[in-house]
Amino acid sequence: MQQTITGAPPARAARPASTADAEEARLLVQVAAGNRHAFERLYRGYFPRLARFLGRMTPSAPLVEELINDTMLVVWRRADSFDGSSKVSTWVFGIAWRKARKALSVRELPAGDDPDQQADPQPAPELRMAAAELAQRLAAAVERLPWPQRMVVVLTYFHDMDYAEIAAVADCPVNTVKTRMFHARRRLKALLAGEEDDR
């Protein structure tokens with residue numbers, strides 16, 4: 001199901017820990033014991049997920065790769081500090097978020113093209129062109145959000161995280177996440193309507 005950025009976040013039902021979550025927790029216990037094979041499996045599993053998340057924070061591929069490696073180095077060194085109070089993915093994304101926040105506070109990089117946005121091959125050419133243009137405008141608008149708001153939007157709509165998970169990633173109260181989403185939606189609406197000037 002496709003979601004709209006300016007609409008309400010998707011409804012989420014309470015769900016038990018998935019098999020994948022349990023497997024990640026098991027691998028992390030092995031990583032804490034120094035098992036390199038378990039770490040390699042976690043690294044391979046998280047690389048594409050972190051690349052997608054961090055790629056929406058910055059268009060710099062070398063910086064994204066550096067941030068992934070820095071994140072996974074912390075996972076390797078600090079696996080024994082994971083206390084199980086959240087999913088492993090929440091813990092890993094939290095590390096990545098803190099690494100990205102630190103790197104992006106030092107330098108603000110220009111927005112880039114979003115290779116993930118592709119038009120549906122079914123509609124007529126003019127509809128595909130309109131969809132591609134809208135996707136491009138939306139990606140550009142998201143890139144113009146301040147990074148705390150951008151992070152909330154990206155984790156909500158592109159990584160299917162709920163506000164509590166995002167609060168754990170960002171190490172902030174849930175109400176802060178809600179406030180950031182409120183302001184992000186308002187600014188996105190203005191940007192997409194052309195009511196906000198370039199800054």
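Is helix H7 (residues 163-170) mostly covered or mostly uncovered? I found it mostly covered, with six of its eight residues buried (under 20% relative accessible area with a 1.4 Å probe, protein chains only). Helices here are DSSP runs of H or I, at least four residues, numbered from the N terminus.

This is a predicted model, in which local features need pLDDT of at least 70 and side-chain atom pairs count only at pLDDT 80 or more, while totals for chains, interfaces and linings use all residues. Residues are numbered from 1 along each chain as its sequence is written, and side-chain values use heavy atoms, with hydrogens and water left out.

**H7.** I listed its buried residues as Tyr163, Glu165, Ile166, Ala167, Val169 and Ala170. Just after H7, I noted a positive phi of about 55 degrees at Asp171.

**Rings.** I paired rings of Phe, Tyr and Trp (its six-membered ring) with centres within 6.5 Å; planes under 30 degrees apart are stacked, over 60 edge-to-face and the rest tilted. I got six aromatic pairs by this rule. Trp97 and Trp147 have ring centres 5.4 Å apart and planes at 55 degrees, so this pair is tilted. Trp97 lies in H4 (residues 88-106) and Trp147 in H6 (residues 147-157), so the pair ties together parts 50 residues apart in sequence. Trp97 counts as buried at 1% relative accessibility. I also saw Phe39, Tyr43, Phe47 and Trp76 linked into a cluster by ring pairs.

**H2 and H3.** I checked where helix H2 (residues 36-55) meets helix H3 (residues 61-78). In contact (heavy atoms within 4.5 Å) are residues including Phe39 and Tyr43 in H2, and Met72 and Trp76 in H3.

Conventions
Buried means under 20% relative accessible area, exposed over 50%, partly exposed in between (1.4 Å probe, protein chains only). Helices (H or I, at least four residues) and strands (E, at least two) are DSSP runs, numbered from the N terminus. Axes are lines fitted to C-alpha atoms, for helices over the stretch in contact, and angles run from 0 to 180 degrees between N-to-C directions.
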